[in-house]
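Here is a short briefing on one protein chain. Please look over the sequence and structure first.

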Amino acid sequence: LRMIRTGVRLRNARIINSDGSEVVETTVPFVGTAVRKIPHQRFYDLFAQTRADDPVKELAQQFTKQAVKILQPTDDDILQAAKTYFVLKRILAEEKGHALMMNCLPGLAAPRKHVPPCMGFMALMNQGIAMGCESDLDGTLTIMLLQELCGKPGFLHNSALDTERNHYWGAHCTSPSRMNGVNSQPESYELRSHCESGWGTVPRVLFRDGQEVTLTRYLSWPPQPISAPTIESRASRAGGTPPQKPQLLLYSGKVVGCPPIPPTGGCRTNVEIAINELNRATDLIGNHMVMAYGDHVKQLRQFCQLHDILATV
């Protein structure tokens, strides 16, 4: 029944996409989720209008108190980061959205329009609201699926490989800290500057060593532009016929650690994972994967079977 309910909720949900300069209404093929694209200027304007009132100050104090370490950010950086939570929450309420995704990087470049929204993303994901970076539709849908079906938030990240140790490696500048669900104890986190822009406040969530995890990504049909090489492209190169249906890339593994910064660089929240299903980590397909705590492979395979989605390893 939970699998049926998840399908219904995805079909009835609305994703707000803060990107570009036009209002565009679309529907995700097969799934039926509505997507409302709104001008990113809306976020610029609301951020500029939002004052550092008592609720903003209280949230900033929570960020500071809960952090195990604060490196680059100043008190004002953290205060400005807290404002993003209230701006994002207001947009979701006004647009009647169930999830939000954003292309934030243009607003972080000079001349700066707003601070990195990463702390706002973390706070909302801790409340069970899916938040997608870089306006990644498939990534946002994957987070929604994990939240609805498994009760766990998802860490959307850039994918890389450690070929020497044969491990998978993922990193991004935001993540939920309540990785075991809305009512769970948060994982520890540090406060650092945003990687690409070099300023602002973002979390470096410290995932638990030895934690079982699921790596997954929903792939829409037709494929979305951000999707990395998948079974469709492999089939085409081999002269075969790619499947004309959505897919779910699906792996399980165990957290080996969170590599220290420095000597590693890149996005602030990072994780190293030993993959169960692959002898060679280089055989993993997909990018912008989503990591969730727990082994949910069997549950997700059953969901795919029920909803006619191709589960792919």
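How many bridges join strand 2 to strand 3, and do the two run parallel or antiparallel? There are 4 bridges between strand 2 (residues 24-27) and strand 3 (residues 34-38), and the strands run antiparallel. The model is predicted.

**Hairpin**
- Strand 2 and strand 3 form a hairpin, with 6 residues between them.
- Phe 30 sits in the turn and has a positive phi of about 75°.
- Thr 27 has Ala 34 of strand 3 as its bridge partner.

**Helix 9**
- Helix 9 spans residues 297-306, and its Val 297, Leu 300, Phe 303 and Cys 304 are buried.
- These residues lie on the same side of helix 9 because they cover an arc of only 125° around the axis.
- An α-helix has 3.6 residues a turn, so residues three or four places apart point the same way.
- Lys 298 and Gln 305 are exposed on the other side of helix 9.
- The cover over the buried residues of helix 9 includes helix 1 (2-12) and helix 7 (137-150).
- Strand 12 (212-219), strand 13 (247-257) and strand 16 (310-312) are also among the elements covering them.
- Asp 308 follows helix 9 and has a positive phi, near 60°.

**Confidence**
- Mean pLDDT for the protein is 93.
- A pLDDT of 70 or more is reached by 94% of the residues.
- Over residues 227-239, pLDDT stays under 50.
- The model has 25 contacts beyond four places in sequence for residues 227-239.
- Where pLDDT is low, the predicted coordinates should not be read in detail.

Key: Residues are numbered from 1 along each chain as its sequence is written. This is a predicted model: local features need pLDDT of at least 70, side-chain atom pairs count only at pLDDT 80 or more; totals for chains, interfaces and linings use all residues. Side-chain values use heavy atoms; hydrogens and water are left out. Two strands pair if DSSP finds at least two bridges between them. pLDDT is the predictor's confidence in each residue, from 0 to 100. Contact means heavy atoms within 4.5 Å. Buried means under 20% relative accessible area, exposed over 50%, partly exposed in between (1.4 Å probe, protein chains only). The arc is that of the directions from the helix axis to the C-beta atoms.
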